[in-house]
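Subject: Structure for you to look at

Hello,

Please find the structure below. My notes on what was found in it follow.

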Amino acid sequence: MTSADSPTVVAAGVSARVAGRVLFGGLDVTMAGGQVVAVLGPNGAGKSTFLRMLLGLHPVAGGSLEVLGDRPGRRNHDIGYLPQRRSFDPSVRIRGVDLVRLGIDGHRWGTPVPFLERLLDGDRADRRRRRLDEVIERVGAARYAGRPIGEMSGGEQQRLLIAQALVRRPRLLLLDEPLDSLDLPNQQGVAAVLRRIAAEGVTVVIVAHDVNPLLGYLDQVVYIVGGEALAGRPEAVITTGTLSRLYGAPVEVVRTPGGRLVVVGQPEAASFHAAH
Amino acid sequence: MPPIERWPGLAVAAPRLTWNLQRDLHQLLQYPFMRHAFAAGAVAAVMCGAIGWFAVLRGETYAAHTLATVAFPGASGAAYLGLAPLVGYFAFAVAGAGLIAWLSPPGRVPRERHSATVGAVQAMALALGFWFVTLYRGFLSSLSGFLFGSFLGVTTDDVLVLAATAAVALGLLALLGRPLFFASVDPRVAEAAGVPVRAVSLLYLLLLGGAVAEASQFTGVLLVLALLVVPAATASTLTARPAAGLGLSLALAVGTAWAGLAAAYFTNRPAGFWITSVGFAGYVLARGASAARARQGRRGGRSAVA
């Protein structure tokens with residue numbers, strides 16, 4: 001799995017600063033295609049900032065960071081991004097499928113006129129239509145993609161937003177709390193979709209504050225806690241000793257009779273830095 | 001308050017609505033001032049319908065209203081300085097839009113961002129307008145037409161100026177359309193995809209200022225939302241398809257403006273009232289239809305597909 005023929009993300013001694021304060025420092029991690037990587041830590045530790053750094057939207061304060069072989073921000077068209085929980089209020093009268101479509105060409109200037117587009121380049125319109133159907137089918141949203149996004153449940157919105165992030169066939173997928181506020185079946189459904197995407201060679205980076213729903217799938221974990229960043233294979237990092245030291249509080253990692261790891265007592269609410 | 005506007009020529013031949021459509025049209029269009037009013041109304045409505053659809057999408061109707069009130073110091077300032085009112089409208093609308101964008105705290109979502117800033121700009125605009133009025137007392141006599149609309153004095157030149165501005169504004173909007181839509185619906189992803197979200201928002205506010213300056217010539221400053229927001233709100237209630245919504249908003253704005261003008265002509269009552277009433281009736285009907293459809297959808301166990 002870690003055969004890094006061309007790594008998607010290479011971070012060496014990366015540090016982040018927000019409003020002049022150091023958020024975290026010393027992050028070393030190399031991510032390869034096909035890996036599922038979780039970025040973990042308490043709220044405000046800098047997980048979302050790390051994703052924004054990968055996108056070139058937040059400056060790298062120190063160290064070197066390379067994304068898809070280039071400076072951050074240069075290859076964003078090969079990156080799918082799902083920001084932290086966006087919810088659309090009921091007044092947003094935009095269909096789900098329109099939102100997904102923005103992932104294809106939303107950044108391009110001009111105003112699309114559907115009728116003219118079909119007339120001028122029917123093949124391209126058909127290809128785009130097929131791609132939209134395919135990606136919506138893939139996240140299991142075909143049943144409701146034509147409804148206004150504001151009228152959907154949180155889980156339905158989240159699936160369509162993931163479809164939006166996937167629609168350009170990214171090589172790197174950055175997801176900020178994708179499982180947050182989803183019920184258990186939806187969490188498992190979304191996690192399964194993400195695992196299948198990774199199996200096609202995409203690097204999937206998932207920010208989460210609770211590692212448990214992801215534990216079965218992870219190739220690497222990055223912990224950002226209290227200004228310190230630590231990356232590695234889950235079995236090396238997710239241990240009672242390492243996590244207790246990192247959080248400065250007793251954290252227990254136990255194995256269930258079914259062979260699954262569970263992290264207990266992780267102080268999620270603790271906020272070491274208030275910046276977000 | 002001074003008496004509400006009167007149509008010229010009414011003493012000679014009072015227009016009367018008949019069942020003969022051709023005759024009605026003939027009556028309606030027999031005077032140049034009405035032909036000009038219809039042309040100018042259509043131009044303003046097209047611009048407002050398009051730009052207003054984005055205002056509704058972005059939740060910026062308060063900014064639209066504020067940019068309309070900014071036309072008050074614009075017009076009174078122009079009167080005081082002896083400039084054409086249109087110059088004052090545009091200068092102040094653009095300055096107001098720039099001020100809102102500049103003072104707004106750096107949030108990425110317009111809804112979150114600037115209602116307090118918008119309120120501050122609105123207060124300052126009204127104060128400034130009042131100040132110009134005290135400097136130039138003559139302005140007060142036409143205040144009601146300014147606030148509630150006047151379609152009387154539109155000349156061919158006015159129509160041409162309006163058409164030219166509208167063409168520029170709509171051209172810019174067509175260029176901006178998709179990234180503006182992206183930045184309005186989903187600003188954080190738009191930013192990551194390379195859309196200059198802040199610049200696009202500023203440009204949009206400038207366009208909004210222009211549309212408001214244009215529409216307030218006719219609907220008056222206080223009723224500008226009738227063309228800018230009401231047709232767009234009706235259209236978004238009726239359809240969630242962006243292209244259809246935009247087109248419908250345009251069509252409804254033109255229809256509203258024309259129907260309002262015709263009603264004003266035949267009833268000898270102010271156009272601003274009629275334009276607003278026609279638009280508002282349409283909005284209420286659309287909301288009713290959408291509520292009925294939702295109820296039907298729930299009963300049939302099927303979700304409402306727009």
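Helices (DSSP runs of H or I, at least four residues) and strands (DSSP runs of E, at least two) are numbered from the N terminus. This is a predicted model, in which local features need pLDDT of at least 70 and side-chain atom pairs count only at pLDDT 80 or more, while totals for chains, interfaces and linings use all residues. Residues are numbered from 1 along each chain as its sequence is written, and chains are lettered from A and ligands numbered from 1 in the order in which they are written.

Chain A first. Asp98(A) is found in helix 2 of chain A. It counts as buried because it has 23 C-beta neighbours inside 10 Å. (A residue is buried if 20 or more other C-beta atoms lie within 10 Å of its own, exposed if 12 or fewer, and partly exposed in between, with C-beta atoms placed from the backbone.) Asp98(A) and Ile197(A) are 99 residues apart in sequence, and their C-alpha atoms are 22 Å apart in space.

Next, the contact between the chains. It takes 26 residues from chain A and 24 residues from chain B, where two residues are in contact if their C-beta atoms, placed from the backbone, lie within 7 Å. On the side of chain A that touches chain B, the largest share, 4 residues, comes from helix 2 (residues 96-105) of chain A. That side has 13 nonpolar, 7 polar and 6 charged residues. (Ala, Val, Leu, Ile, Met, Phe, Trp, Tyr, Cys and Pro count as nonpolar, Asp, Glu, Lys and Arg as charged, and the others, Gly among them, as polar.)

Chain B has 14 helices and 0 strands. Of its 306 residues, 52% are buried.

Helix 4 of chain B has 19 residues and reaches 26 Å from its first C-alpha to its last, close to the 27 Å expected; the expected span is 1.5 Å times one less than the number of residues. Its buried residues include Phe92(B) and Leu99(B). The buried residues of this helix pack against helix 3 (61-81), helix 6 (115-135) and helix 10 of chain B.

How do helix 4 and helix 10 of chain B lie relative to each other? Their axes come within 8 Å and cross at roughly 150 degrees. (Axes are lines fitted to C-alpha atoms, for helices over the stretch in contact, and angles run from 0 to 180 degrees between N-to-C directions.) The two helices are therefore roughly antiparallel, a term for angles over 145 degrees, with under 35 roughly parallel, 65 to 115 roughly perpendicular and the rest oblique. The residues of this contact divide into 13 nonpolar, 5 polar and no charged.

Regards
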